[in-house]
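Dear colleague,

Please find the structure below. A short account of the findings follows it.

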Amino acid sequence: MLKYTNYTLKKLETIFEEQEFTVRYEKGSFQSGYCWVKNQSIVILNKFFDTEGRAGVLIEILSQVEVNTEELSEKSLKTFKIK
């Protein structure tokens, strides 16, 4: 299990970037705290979430996304396997 810090959040964001996803933080009334536009590979998170909330949501989405591990850097692959 990862500890949810700003450093961990950046690692998770890097995994999404390497999978060609755009992660944005916006205000909105999302029921789940995020919006995932699958056609365009965009993830929009509630900007009022704290670091722990943001990291938790990214991990939740990551568990639903097919990740091509061949496109991940060594650091990202290590983080992905820990999650």
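Residues are called buried under 20% relative accessible area, exposed over 50%, and partly exposed in between (1.4 Å probe, protein chains only). This is a predicted model, in which local features need pLDDT of at least 70 and side-chain atom pairs count only at pLDDT 80 or more, while totals for chains, interfaces and linings use all residues. Residues are numbered from 1 along each chain as its sequence is written, and side-chain values use heavy atoms, with hydrogens and water left out.

Salt bridges

A salt bridge requires a side-chain nitrogen of Lys or Arg within 4 Å of a carboxyl oxygen of Asp or Glu; the count is two. In one, Glu 26 pairs with Arg 24, with 3.5 Å between the closest N and O atoms. Glu 26 is partly exposed at 33%, and Arg 24 is partly exposed at 35%. Glu 13 and Lys 10 form a salt bridge with an N to O distance of 3.5 Å. Glu 13 is buried at 11% relative accessibility, whereas Lys 10 is exposed at 53%.

Helix packing

Helices are DSSP runs of H or I with at least four residues, numbered from the N terminus. The axes of helix 1 (residues 6-18) and helix 2 (residues 51-62) come within 9 Å and cross at roughly 30°; axes are lines fitted to C-alpha atoms over the stretch in contact, with angles running from 0 to 180 degrees between N-to-C directions. The two helices are therefore roughly parallel to each other, a term for angles under 35 degrees.

Yours sincerely

Conventions: Parallel < 35°, antiparallel > 145°, perpendicular 65-115°, else oblique.
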